[in-house]
Amino acid sequence: MIRLVASYPFISKTLRDAGRTSIPSTSHCCTAQLQKNGTGYDDLNDLLAEPADLEFTIDLLKIEVPGSFEKETWLLDENEKRNTIPELKEAGNELYHQGKYKEAEEKYMLALGFLEQIMMKLKPREKEWDELNKIKTPLLLNLAQCKLIAKDYYQVIEHCTSILDDDPNNVKALFRRGKANISVWKMNEAREDLKHLSTLDPSMQVSVNRLLCQINEALKIKDDEDRQKLRGKLF
């Protein structure tokens with residue numbers, strides 16, 4: 001019994017410290033340090049000095065029967081994951097419209113994670129795989145938009161490229177990747193995306209022209225700066 005009790009102050013200190021905003025100065029809690037410096041808690045120090053039998057009282061707060069609570073995601077079976085995907089997308093869309101972009105991003109990522117887990121068990125280009133891939137595309141587009149707002153441009157490029165590898169004419173993916181490419185100074189790639197976009201959707205021409213002007217202006221400013229740096233230098 002004493003051998004078991006001897007470890008209790010160590011465990012109890014760890015749990016108590018985890019729930020505190022300010023931790024006692026004796027936060028290093030190997031056994032030797034506990035014996036030397038104490039735990040920072042008087043009752044635990046007393047137990048270290050004089051080990052004794054312990055009696056624990058456990059209160060039962062509530063009983064949750066299966067089906068009466070929301071399962072942890074790792075407990076969901078494949079059918080439950082399939083059914084949850086559209087719910088997550090809808091929740092993400094609602095959060096996005098409320099301006100809660102980070103929370104929306106988390107919903108889209110969780111839905112995509114479920115999709116990937118299901119799709120990896122299927123053979124690519126089979127009917128079921130294609131059906132799931134069609135669900136994946138709008139989720140990736142929504143995630144890319146959240147990343148664009150967060151200025152996480154390389155993630156935007158990655159997600160949109162994933163879409164365009166499968167569907168080279170996806171207008172939204174071209175537009176979002178084009179904007180992200182401008183932001184990371186990939187001007188040639190941005191031009192290619194935007195010019196391709198303008199051939200696919202003439203209604204986007206005004207937006208495309210605005211971004212092309214932005215590219216030209218940025219390049220002009222850079223050229224002027226480079227000339228200023230070179231002025232007066234001899235070669």
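Is E128 buried, exposed or partly exposed? At 32% relative accessibility, E128 counts as partly exposed, where buried means under 20% relative accessible area, exposed over 50%, and partly exposed in between (1.4 Å probe, protein chains only). The model is predicted, so local features need pLDDT of at least 70 and side-chain atom pairs count only at pLDDT 80 or more, while totals for chains, interfaces and linings use all residues. Residues are numbered from 1 along each chain as its sequence is written, and side-chain values use heavy atoms, with hydrogens and water left out.

**Salt bridges**

- The whole structure holds 12 salt bridges, each being a side-chain nitrogen of Lys or Arg within 4 Å of a carboxyl oxygen of Asp or Glu.
- One of them joins the side chains of R82 and E128 (2.3 Å, N to O); because R82 lies in helix α5 and E128 in helix α7, the pair ties together parts that are 46 residues apart in sequence.
- Helices here are DSSP runs (H or I, at least four residues), numbered from the N terminus.
- E78, R82, K121 and E128 are linked in a network of salt bridges.
- Another salt bridge is formed by the side chains of K147 and E105 (2.8 Å, N to O), and this pair ties together helix α7, which holds K147, and helix α6, which holds E105.
- K147 counts as buried at 10% relative accessibility, and E105 counts as buried at 4%.

**Around H159**

- H159 lies in helix α8 (residues 153–166) and counts as buried at 12% relative accessibility.
- Leaving aside neighbours within four places in sequence, H159 is in contact (heavy atoms within 4.5 Å) with L140, L143, A144 and K147.

How values were computed
Helix = DSSP H or I, 4+ residues; strand = E, 2+ residues; numbered from the N terminus.
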